[in-house]
Each structure stands twice: as C-alpha cells, then as structure tokens.
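Please read this briefing alongside the sequence and the model. It is arranged by topic.

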Amino acid sequence: MTRPTRPVVFLHIPKTAGQTIHNELQRVIGARHVSPVRVHTQAAEGAAQMPAGYRLYSGHIDWDVLETLPDPFTFSVLRDPRERIASFYFFLLKQAGQLTEAELAEPHNIGKRMVLQKSASAYFFGGGPWWQRFIHDHYDNFYCSYFATRKMRGWGELAQQDQAERVHLAHQNIRQLDRVYSTLNLAALEDDLSALLGRQLNVVNTFANVGSLPQGETRWPRLLALLDGDKDRARLDAFAAADDALIEKIGLQV
C-alpha cells in the first residue's frame with residue numbers, strides 16, 4: 001500500500017462533511033496510522049492534540065501545535081455558515097431524541113439535553129453565562145473563532161474584538177493551511193488527496209453521519225421558523241456575519 005510521505009492534518013469543523021472525509025482518509029492511510037485524538041476533549045490537559053508519529057490527524061481538534069509536525073498537508077472544509085449552524089442544531093436534536101432519560105442526565109450530554117428540552121429561542125439565547133459561552137463557542141461565527149485562535153472553543157479570546165479584527169486574525173492563520181475546500185466542490189478535495197496519497201478517495205456523493213432532514217434540503221429556513229420572532233432571527237443571523245466576511249476574503253464559494 002502506498003503511504004503518504006507527509007502527514008495529513010484535517011481540521012474537521014462540525015457538520016462540514018467531515019465524517020465522510022475522515023472515513024476515506026482512514027481507509028486509504030490505515031487505521032493504525034490515525035491519531036487517536038479525534039476530539040479536543042480527548043487529550044489530557046497540557047497533552048498534545050497532535051501526538052507525534054501518526055500519518056493522519058483528523059477531528060474536532062485544536063491546531064496550536066501544528067508547527068511541531070514535519071511538513072504536514074493541512075486542510076479544512078467550509079460550508080455556508082448558516083447551513084452549518086442549522087445542520088448542527090438539527091443533528092444534535094436527532095441525537096438527543098435517541099437517548100434515554102438516564103443518558104440525557106449524564107453531564108457530557110448537557111448540550112443534547114438542552115436542545116431537546118428547550119425551545120430554539122431558549123436554547124440559543126436563554127440560560128446563564130456558562131450556557132451562553134457554550135452557544136457562542138459552538139455556533140457564533142465559529143469559522144472566525146476557530147481559525148483566529150486555533151482552538152475549538154476560542155470564542156472567548158475574541159469576544160472583545162470587533163468583526164474586522166477577528167476576520168483579519170482568522171485570515172492570517174488560514175494562509176498557513178495548504179487548502180480550504182468548500183462542500184460545494186468536494187471533487188477538488190478528492191483529486192488533491194488522491195494525488196497526495198497515491199490512491200483514489202471516494203468522497204463525492206458519499207454521505208456519513210447525516211442528519212434527519214433530506215439531503216439537499218436547506219436547514220436554515222426551518223431553524224428560523226422555530227425562533228420566537230424577528231429579533232431572535234436577526235440575533236441568530238449575526239452568528240454568521242463575520243464568517244460571511246471571512247469567506248468573502250478568501251474567495252471561497254460555499
């Protein structure tokens with residue numbers, strides 16, 4: 001089997017076709033060569049989220065130690081930021097509906113319990129400071145927060161900065177990646193990675209970890225319809241404003 005000479009780093013943003021891409025990369029590279037850290041919370045405090053010696057680093061991970069890897073091919077994938085917000089919401093809602101009461105009561109399922117038990121407006125805009133920090137970390141212009149801070153939960157570091165500064169910082173860090181792809185053009189990703197790895201990947205028209213709504217149906221209007229009024233709809237729309245500016249700055253069609 002042909003092995004990559006460069007480690008591959010896939011910065012997987014939730015609900016951007018990432019599970020499909022990860023599955024194909026693991027199939028081609030081999031499971032034993034994949035870093036076991038798939039989610040930033042799996043690494044012990046102070047431990048590397050990209051431990052040395054692997055050929056694939058893929059997941060919802062911080063990337064503040066990227067420079068410690070030997071010449072990695074690093075990429076990420078973006079989709080329309082509003083569709084990502086809505087897709088994430090409905091995906092969590094689907095997952096929460098499959099859990100028992102006992103499972104929902106477990107501390108690590110707090111987000112799923114809240115999405116199931118609260119109205120959409122109460123979920124996004126209610127609760128105390130700790131809950132609002134969770135919402136902002138996961139939904140509020142996530143692309144800007146992730147790329148500007150290199151952390152999955154980096155919103156708090158940017159909370160006092162204006163949109164222009166957040167977009168600038170995110171853009172500066174994106175320039176250090178090899179590629180940023182759009183979910184609208186996964187054929188480009190498929191071609192690049194197949195050439196890099198010496199084996200054909202099958203990403204286009206392959207779907208994993210899908211939500212409850214039909215493929216191709218837009219999620220955003222459905223989510224807006226669940227909110228209590230125009231004020232909340234405008235507040236949620238603002239969760240994509242900086243990401244819109246970032247996407248325009250890098251010239252990506254999503």
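The points below cover the sheet, the nonpolar cores and the aromatic rings.

This is a predicted model, in which local features need pLDDT of at least 70, side-chain atom pairs count only at pLDDT 80 or more, and totals for chains, interfaces and linings use all residues. Residues are numbered from 1 along each chain as its sequence is written, and side-chain values use heavy atoms, with hydrogens and water left out. Helices (H or I, at least four residues) and strands (E, at least two) are DSSP runs, numbered from the N terminus.

- Four strands form an open sheet in the order 2-1-3-4, with parallel pairing; two strands pair if DSSP finds at least two bridges between them.
- Strand 2 (56–59) and strand 4 (179–182) are the edge strands, each pairing on one side only.
- On average, neighbouring strands of this sheet are turned by 20° against each other, direction ignored. Axes here are lines fitted to C-alpha atoms, for helices over the stretch in contact, and angles run from 0 to 180 degrees between N-to-C directions.
- Helix 1 (residues 18–29) packs on the sheet and touches strand 1, strand 2 and strand 3; contact means heavy atoms within 4.5 Å. The direction of helix 1 makes about 165° with that of strand 1.
- Strand 1 (residues 8–11) runs parallel to strand 3 (residues 73–78), and four bridges join them. Strand 1 also pairs with strand 2 in the parallel sense, over four bridges.
- V9 stands opposite T74 in strand 3 and opposite Y57 in strand 2. L11 stands opposite G59 in strand 2.

**Burial of the strand faces**

- In a regular strand the side chains alternate between the two faces of the sheet.
- Both faces of strand 1 are covered, with V8 and F10 on one side and V9 and L11 on the other, all buried. Buried means under 20% relative accessible area, exposed over 50%, and partly exposed in between (1.4 Å probe, protein chains only).
- Strand 2 is likewise covered on both faces: L56 and S58 lie on one side, Y57 and G59 on the other, and all are buried.

**Nonpolar cores**

- A nonpolar core is a set of buried Ala, Val, Leu, Ile, Met, Phe, Trp, Tyr and Cys residues joined through side-chain atoms within 4.5 Å.
- The largest such core has 29 residues, and those with the most contacts inside it are M50, W63, L78, Y143, Y146, F147 and L246.
- Two or more residues of this core come from each of strand 1, helix 7 (142–149), helix 9 (163–174) and helix 13 (241–250). Helix 7 gives the largest share, six residues.
- A second, separate core of 24 residues includes V115, W131, F134 and I135.
- Setting aside residues up to four places away in sequence, L78 touches several residues, among them I13, T16, Y143, F147, V180 and I247.
- Y143 lies in helix 7 and counts as buried, at 0% relative accessibility. Beyond its neighbours within four places in sequence, Y143 is in contact with residues including I13, L78, R79, D80, D243 and L246.
- Y143 and I13 are 130 residues apart along the chain, and their C-alpha atoms are separated by 8.1 Å.

- The structure holds 20 aromatic pairs. Rings of Phe, Tyr and Trp (its six-membered ring) pair if their centres lie within 6.5 Å; planes under 30 degrees apart count as stacked, over 60 as edge-to-face and the rest as tilted.
- The W131 and F134 pair is stacked, because the ring centres are 4.6 Å apart and the planes are at 15°.
- W131 and F134 both lie in helix 6 (residues 129–139), three residues apart, about one turn of the helix. W131 is buried at a relative accessible area of 0%, and F134 is buried at 16%.
- Ring pairs link F88, Y89, F90, Y123, F124, F125, W130, W131, F134, Y139 and F239 into a cluster.
- H136 also lies in helix 6 and counts as buried, at 16% relative accessibility. Leaving aside neighbours within four places in sequence, H136 is in contact with W155 and F239.

**Charges over rings**

- K15 lies over the face of F91, at 3.9 Å from the ring centre, and R235 lies over the face of F125, at 4.1 Å from the ring centre.
- A charge sits over a ring if NZ of Lys or CZ of Arg is within 6 Å of the ring centre and within 35 degrees of the ring normal.
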